[in-house]
Amino acid sequence: TARLVGVIEARQRRSPSEEWVENHRLLAVAVASHGYKHVQSLEDFRPRLIEEIAEYFAQYNRDRGQDFEMTGRGGPSAARSIVERGIRARDEGKTSA
């Protein structure tokens with residue numbers, strides 16, 4: 001079981017000629033984890049960790065010739081809203097949230 005603690009809001013595209021697409025990254029910690037028991041939101045992580053995670057995704061996409069850009073961040077309620085929006089889109093038969 002995992003606890004949502006936040007979201008890295010992001011956009012990416014396959015090439016400079018294509019439109020940007022929202023592609024947020026949800027962040028969670030294991031509920032049973034002793035090391036992250038205190039983490040309830042992104043602010044509870046060590047300084048700069050979120051930027052390092054975003055840079056990992058940027059580099060991962062660059063290695064594949066794609067663009068990735070962090071556009072913001074949000075806490076647990078923002079992450080939950082994204083999950084709920086995805087569930088609604090799935091239930092309505094849409095392919096993206």
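**A tour of ring contacts and salt bridges**

Begin by selecting arginine 64 and tyrosine 60: arginine 64 lies over the face of tyrosine 60, 3.6 Å from the ring centre. A charge sits over a ring if NZ of Lys or CZ of Arg is within 6 Å of the ring centre and within 35 degrees of the ring normal. The model is predicted, so local features need pLDDT of at least 70 and side-chain atom pairs count only at pLDDT 80 or more, while totals for chains, interfaces and linings use all residues. Residues are numbered from 1 along each chain as its sequence is written, and side-chain values use heavy atoms, with hydrogens and water left out.

Next, select arginine 11 and tryptophan 20, where the arginine lies over the ring face at 4.0 Å from its centre.

A search of the whole structure finds four aromatic pairs. Rings of Phe, Tyr and Trp (its six-membered ring) pair if their centres lie within 6.5 Å; planes under 30 degrees apart count as stacked, over 60 as edge-to-face and the rest as tilted. One of the pairs joins phenylalanine 57 and phenylalanine 68, is tilted, and has 5.9 Å centre to centre with 40 degrees between the planes. Because phenylalanine 57 lies in helix H1 (residues 49–63) and phenylalanine 68 in strand S4 (residues 67–74), the pair ties together parts that are eleven residues apart in sequence. Helices (H or I, at least four residues) and strands (E, at least two) are DSSP runs, numbered from the N terminus. Phenylalanine 68 counts as buried, at 11% relative accessibility. Buried means under 20% relative accessible area, exposed over 50%, and partly exposed in between (1.4 Å probe, protein chains only).

Now turn to the salt bridges, of which there are seven, each a side-chain nitrogen of Lys or Arg within 4 Å of a carboxyl oxygen of Asp or Glu.

- Select arginine 13 and aspartate 67, whose side chains meet in a salt bridge (2.8 Å, N to O). Arginine 13 is in strand S1 (residues 2–13) and aspartate 67 in strand S4, 54 residues apart.
- Select arginine 85 and glutamate 22, which form a salt bridge (3.9 Å, N to O). The pair ties helix H2 (residues 76–91) to strand S2 (residues 21–22), parts 63 residues apart in sequence. Glutamate 22 is exposed, at 56%.
- Select arginine 73 and glutamate 51, bridged at 2.5 Å, N to O.
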